[in-house]
Amino acid sequence: NKQGRDALDAVAKAFQGLQGKTVIVAGYTDNVPVAGKGQFKDNWDLSTERAVSVVRYLQSKGVDPKMLGAAGFSEYRPLGANDTADGRSQNRRIEIALTAADYTPPVVDTPVAQPAATPQPAPQPAR
């Protein structure tokens, strides 16, 4: 809609000329199944296409496509309750994240399981 395009136009203007950044557009849906209702196989397809359409729009407005990426999260990260129209509306959204191009997410070290100790025979009492 016009309000969404106006918001994306402002985002595109802010991102034009940026260097050394990555823009990830994330798409989300509500939990209403879309299978059999049109061009999308499921909410994964819909959320991903939602993100890709924003990426294409930003590119058409002059944002460098080398810094753009898209991800779909389907219905699995809701903001609102899916049992109300207002909640479902909140869940049908995109989020735009701006990070450094060389950003590396932190690595969480997972402790390596140590092999179980082999039981040692009990010491024999001295005689």
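This report walks through salt bridges in the predicted model shown above.

## Ground rules

The model is predicted, so local features need pLDDT of at least 70 and side-chain atom pairs count only at pLDDT 80 or more, while totals for chains, interfaces and linings use all residues. Residues are numbered from 1 along each chain as its sequence is written, and side-chain values use heavy atoms, with hydrogens and water left out.

The structure contains 5 salt bridges (a side-chain nitrogen of Lys or Arg within 4 Å of a carboxyl oxygen of Asp or Glu).

## A pair within helix α1

Let's start with Lys2 and Asp6, whose closest N and O atoms are 3.0 Å apart. Both residues belong to helix α1 (residues 2–15) and sit 4 residues apart, about one turn of the helix. Helices here are DSSP runs of H or I with at least four residues, strands are runs of E with at least two, and both are numbered from the N terminus.

Lys2 is exposed at 55% relative accessible area, and Asp6 is partly exposed at 39%. Buried means under 20% relative accessible area, exposed over 50%, and partly exposed in between (1.4 Å probe, protein chains only).

## A link between two loops

Asp30 and Arg92 form a salt bridge at 2.6 Å, N to O. This pair links distant parts of the chain, 62 residues apart: Asp30 is in the loop between β1 (21–27) and α2 (43–60), and Arg92 is in the loop between α3 (85–91) and β3 (94–100). Asp30 is buried at 7% relative accessibility, whereas Arg92 is partly exposed at 40%.

## Arg93 and Glu95

Arg93 pairs with Glu95 in a salt bridge, with 3.1 Å between the closest N and O atoms. Arg93 is buried at 12%, and Glu95 is partly exposed at 34%.
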